[in-house]
Amino acid sequence: MSAQRRIMVAVIFGGRSVEHDVSIVTGHQIMNAFPVEQYEIVPVYISRDGRWFTGDALAKLDSFKDEGVLRRDGIRACLLSPDTRHHGLIVDPLAGRLRKSEVKRIDVAFPALHGTHGEDGSVQGLFELADIPYVGCATLGSALTNDKIMTKQVLRQAGIPVLDDHWVTRDQWLDAPDAVLDDLLKRFEFPLFIKPATLGSSIGIGRADSETLLRASIDIAANFDRRILIEPAVTDGIEINCSVIGFGDGCEASTLEQPVSWDEFLSYEDKYLRGGEGMKSAERLVPAPISPEFTARVKQTSIAAFKAVDGRGIARIDYLARPEANALYLNEINTMPGSLAFYLWREDGYKSSDLVQKLVQLARDAHAEKRRNIYDYETNLVDVASQRGIKGRKTVK
């Protein structure tokens, strides 16, 4: 009896995003979690300028300690083909006469991409065109949750509690900053948080306790996005985070955590660089020291929010809360959380290998569900249009 073929998983990381380095760390944590007996991992690295590469050296985190990673032996350019016949990567897509291109079929794509061009529906659309199962939210859920403004509107409609907010465009700010400030000061009291609409990892986010800081924070946020979100701070609350995993009605919520190093908010360094172990290394209380009743409410709200945005795969949902007042506000939904929130699921008995395998299975389940749809519907519309005199466009010779 021949051995069962290993499942080919392409782990895609890096990307044209300010969260490029975080994605490299997440990608290697994911690759290291797969049992080698059952899975063959294909590392796919997207450079800062958007070029795609593959090769065994990319599976070693040490390879990224210097800028010469792409000059290492065995690193080859590649691209993910949108043609369903390829069902995977084209390696050396611009090969010449002496070297042929190669098609490398994959079973599942596992994007470990954060933020722009990876967590915003862009690459998910490519997977859809290629008809390849992929881990995480589909195009709609990814694009929606990457946009803080749109996420809040959808969650409000679904009855999920969120903070009041106001948003302005970069042009509005540049054209009439004083008018924007006057309007904000009429709406809110300090302190305020200022956020680019489509960025995560605390990049570009500022806290303002005065008009001077508000002006400076909007200036900074306007460099990262054309829309800027402004919302009041919860000054006497705590942060509570919960992860959700699943698809459709089969969703479950993780143990909760309370980060305790967020005097104002968790900085980029707090989240990813302390101790070199990603989110796991930040100071936190796990499980969060809140009542069983409030814990249940956070978990129920998390699953409801995940379904409201058509979530699938895994997400980490961040809250601002005042448990003593029974106040809870959903702050953000991260559809590709740093480190995949391994540390939370470990409290529920999941090993990291369990988690990545579950996510691959969810990807395949979602793909099987999608294939139940009808996409090929033939009509005689072209013949009818031709009979009615619609001609093809003339070409210039």
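Mentor: Start with the crossing: helix 6 passes helix 7 in a right-handed sense. Keep in mind that this is a predicted model. Helix 6 covers residues 177-187 and helix 7 covers residues 211-221; their axes come within 11 Å and cross at roughly 120°. That angle is why helix 6 counts as oblique to helix 7. On the helix 6 side, the contact is made by Pro-177, Asp-178, Leu-181, Leu-184 and Leu-185, and helix 7 brings in Glu-211, Leu-214, Arg-215 and Ile-218. Sort the residues of that contact by type and you get six nonpolar, three charged and no polar.

Now follow helix 7 over to the strands. Helix 7 lies across strand 9, strand 10 and strand 11, and runs at about 15° to strand 9. Those strands belong to an open sheet of four, ordered 8-11-9-10, with antiparallel pairing. The edges are strand 8 (166-169) and strand 10 (206-208); each has a single partner strand, so one side of each is left without a neighbour in the sheet. From one strand to the next, the twist averages 25°.

For a look inside the sheet, take strand 9 (residues 192-196) and strand 11 (residues 227-232): they pair in the antiparallel sense over five bridges. As background, strands of a sheet pair through backbone hydrogen bonds, either parallel or antiparallel.

Definitions and conventions
Residues are numbered from 1 along each chain as its sequence is written. This is a predicted model: local features need pLDDT of at least 70, side-chain atom pairs count only at pLDDT 80 or more; totals for chains, interfaces and linings use all residues. Side-chain values use heavy atoms; hydrogens and water are left out. Axes are lines fitted to C-alpha atoms, for helices over the stretch in contact, and angles run from 0 to 180 degrees between N-to-C directions. Helices (H or I, at least four residues) and strands (E, at least two) are DSSP runs, numbered from the N terminus. Angles under 35 degrees count as roughly parallel, over 145 as roughly antiparallel, 65 to 115 as roughly perpendicular and the rest as oblique. A crossing is left-handed if the near helix is turned anticlockwise from the far one by less than a right angle, and right-handed if clockwise. Contact means heavy atoms within 4.5 Å. Ala, Val, Leu, Ile, Met, Phe, Trp, Tyr, Cys and Pro count as nonpolar, Asp, Glu, Lys and Arg as charged, and the others, Gly among them, as polar. Two strands pair if DSSP finds at least two bridges between them.
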